[in-house]
Amino acid sequence: MDFTNTIGISADGMRTQAERLRVSAENLANKDTTGSTPGADPYRRKTITFQTTLDQATGASSVKVKSVGQDHTPFETRYDPSHPAADAKGYVKVPNVNTMVEIMDTHDAQHSYEANLNTMQITRSMLTRTINLMK
């Protein structure tokens, strides 16, 4: 495998983790977003799915975002009869976003992003040394 493939694989990983961070940030930003009419559904947590891709020419595999979907776990309810989205019994559906899960996802994505960045920097350093040896 040559250096450009390594840099490309790391770049794919960084793009994927950046998208994962974006999805978690969107979930956290909307964790209190309820419906605006009685019985309306609140914000539904987004999920991200990855897929491995194989470059037939080099035999190298990398990761890409397969899809951004929705978490279909049921909504919890909170008693708040004064809320505009409260049903006839006074309950409001709240988003299915768990702050701790999103924070853990962001930490994991950050560590993966940093690992890919370090790999890219090491590869660049090795490439620079190789070029200097060839002078």
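## Aspartate 105 and arginine 45

In this predicted model, aspartate 105 is partly exposed, with a relative accessible area of 24%. Its salt-bridge partner is arginine 45, and the closest N and O atoms of the two are 3.6 Å apart. Because aspartate 105 lies in helix 2 and arginine 45 in the loop between helix 1 and strand 1, the pair ties together parts that are 60 residues apart in sequence. Arginine 45 has a relative accessible area of 13%, which means that it counts as buried.

Arginine 45 also forms a salt bridge with aspartate 71, with the closest N and O atoms 3.4 Å apart. Aspartate 71 sits in the loop between strand 2 (61–70) and strand 3, so this pair joins parts that are 26 residues apart in sequence. Both aspartate 71 and arginine 45 are buried.

## The salt-bridge network

The structure holds 12 salt bridges. Arg45, Asp71 and Asp105 belong to a network of salt bridges that also links Arg20, Glu102 and Asp108.

## Glutamate 102

Glutamate 102, a member of that network, is placed in helix 2 (residues 99–134). Its relative accessibility is 0%, so glutamate 102 counts as buried.

The side chain of glutamate 102 makes a polar contact with the side chain of serine 24, at 3.3 Å. With neighbours within four places in sequence left aside, glutamate 102 is in contact with Ser24, Asn27, Leu28, Arg45 and Val97.

Arginine 22 and glutamate 19 form a salt bridge in which the closest N and O atoms are 2.8 Å apart. Both residues lie in helix 1 (residues 3–29), three residues apart, about one turn of the helix. Arginine 22 is partly exposed, with a relative accessible area of 37%. Glutamate 19 also counts as partly exposed, at 23% relative accessibility.

## The aromatic pair

The count of aromatic pairs comes to one. Tyrosine 79 and tyrosine 91 make up this edge-to-face pair, with 5.3 Å centre to centre and 65° between the planes. The pair links distant parts of the chain: tyrosine 79 belongs to strand 3 (residues 76–79) and tyrosine 91 to strand 4 (residues 91–94), 12 residues apart.

Tyrosine 79 counts as exposed, at 53% relative accessibility. Tyrosine 91 has a relative accessibility of 37% and counts as partly exposed.

Definitions and conventions: Residues numbered from 1 in each chain as written. Predicted model: local features only at pLDDT ≥ 70, side-chain atom pairs only at ≥ 80, totals over all residues. Heavy atoms only, no water. Phe/Tyr/Trp six-rings, centres within 6.5 Å; stacked < 30°, edge-to-face > 60°. Helix = DSSP H or I, 4+ residues; strand = E, 2+ residues; numbered from the N terminus. Buried < 20%, exposed > 50% of the residue type's maximum accessible area, 1.4 Å probe, protein only. Polar contact = N/O pair within 3.5 Å; in protein donor to acceptor, adjacent residues only side chain to side chain. Contact = heavy atoms within 4.5 Å. Salt bridge = Lys/Arg side-chain N within 4 Å of Asp/Glu carboxyl O.
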